[in-house]
Amino acid sequence: MILYILLILMIIGAIAAVQMKDLLSSIVTVGAVGLALSLAFLVLKAPDLAITQLVVEILCLIILIRATLKKDLPFSTTGRRFFNTLVAVVFVIVFLALGYFSLKDLPVFGHPIMEVGAFYVEQGLIETGATNLVASVILDFRAYDTLGEATILFTAVIGVMAIMRRIGRKKVGEEIKESDEWE
Amino acid sequence: MSGSKRQEKGMTLIVKTITRLTVGLILLYGIYILLHGHVSPGGGFAGGVIIALSFIHIMLAYGKETAFSKLSKAKASLLESLGAILFIAIGILGFTGGYFFFNFFTDKGEAFRLFSAGIIPLCNIAISMKVGAGLFTIFVILVLLKFKTGGKDPRQGS
Amino acid sequence: MYLYFLCLILFIVGIYCILRKRNLIKIIIGIIIAEYAVNLFFALAGYRIDGRAPIYSQDQAIANMVDPLPQALVLTAIVIGLAVTAMMVAIAIRIYEKYGTFDITKIRKLHG
């Protein structure tokens, strides 16, 4: 029951975030949706996900707020608004219909098919010695996933450094201190 | 933002005092989360993000000079590279037992203890170093641009 | 079933935001909302009625745990989502610095 309340809260928050005029208010509303998601993870018996989602949400909020500081702009009224809305609404209706028919074939909520998970639950403590099964899955049974994740994070750091570099954009009369340079 | 004025770096006195009192506790909580990742909820990702958040906390409250005196560019680069090399080295050491990421400790230790579970605590430490240093670097790069061009660009007149 | 459908509606809200809005920050918000919906769907698919968290304890027997595999996949996906968000924000800031706006239609006009 509490899951329904949390999900409806998340949907209301998401609609408010999409439709709000002010960018800063919109970002704060997305933060509220993320905190509700963290609570939903806690109800779904996933404490690892709850902790990680909570701290990642805070950092994501800081990064997004930095993007909108003093840059609040009104919405544009130009362009083909009617055509754009029509395409979006038609796509949404088609997607909802297809999703409804495909979700009928899933197993009933609360009774998952645990073909691989049953092996992890039975053999996890014996084979790895870790009592937290999620840690034993991501760092022992499926460590390749974590290696790929570390690679993606490294690529993201290099990508942000490359996008934000200052080469070729120095204006007339501007000085660059050596301590400011991180490239 | 008040960072544009040269005489007062960072935020007000209230924020600075609260930061001085709490930032050590945040760092300690991150280290606890990361070291106990194999016996309780948490792990390398959450611990690394909390450690990065403690340094970001210093930077938001005190300005960039204080934060760079705690964790400079060279240290952050070293930590990230060290985390990556440690993670790969643990994986390659698994070839002594047969395959990549083999849990090469023969004695897994007693369950529910801190020193147990073979390579999993070592992998947690490596991942938290990598995640923490990487996210701190991303934040610093995104913020430093504001210090240099914020409000001075004539095309940004709002 | 209804929980899955509500999760689909949340995903649809994100997709609508990506398709309809003209602001770069709004598009990033739509991508974040869609990502939340997908993470929640994975966690819902692994839940078991009256299940326990996938962590052993000393007094209780091994019975009736939820599936740990979707949780491990989502744990990786959350951090990847943060990295992708940071990169999108960097590109948006760069575009703002070059064109002075977040509106994608004006960006297209200025480019030609």
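1. A quick term before we start: a salt bridge here is a side-chain nitrogen of Lys or Arg within 4 Å of a carboxyl oxygen of Asp or Glu. By that rule, the interface of chain A and chain B has 0 salt bridges, and the count between chain C and chain A is 0 as well.

2. Some ground rules. This is a predicted model, in which local features need pLDDT of at least 70 and side-chain atom pairs count only at pLDDT 80 or more, while totals for chains, interfaces and linings use all residues; side-chain values use heavy atoms, with hydrogens and water left out. Residues are numbered from 1 along each chain as its sequence is written, and chains are lettered from A and ligands numbered from 1 in the order in which they are written.

3. Now chain C against chain A. Here 76 residues of chain C are in contact (heavy atoms within 4.5 Å) with 90 residues of chain A. The two chains bury about 8100 Å² between them, 77% of it on carbon and sulfur atoms; buried area is the accessible area (1.4 Å probe) that two parts lose on being put together, summed over both.

4. Which elements of chain C give two or more residues to the side that touches chain A? They are α1 (2-20), α2 (24-45), α3 (68-99) and α4 (104-111), with helices taken as DSSP runs (H or I, at least four residues) numbered from the N terminus. The largest share, 23 residues, comes from α3(C).

5. A look at α3(C) itself: its 32 residues reach 47 Å from first C-alpha to last, close to the 46 Å expected at 1.5 Å a residue (1.5 Å times one less than the number of residues). At its start, a side-chain oxygen of C:Asp67 reaches to within 3.4 Å of the backbone nitrogen of C:Leu69. Just after α3(C), C:Gly100 takes a positive phi of about 80 degrees.

6. Back to chain A and chain B. The contact takes 45 residues from chain A and 54 from chain B, and the buried area is about 4500 Å², with 74% from carbon and sulfur atoms.

Note on methods:
A polar contact is a pair of N or O atoms within 3.5 Å; within protein, one must be able to donate a hydrogen and the other to accept it, and residues adjacent in sequence count only if both atoms are side-chain atoms.
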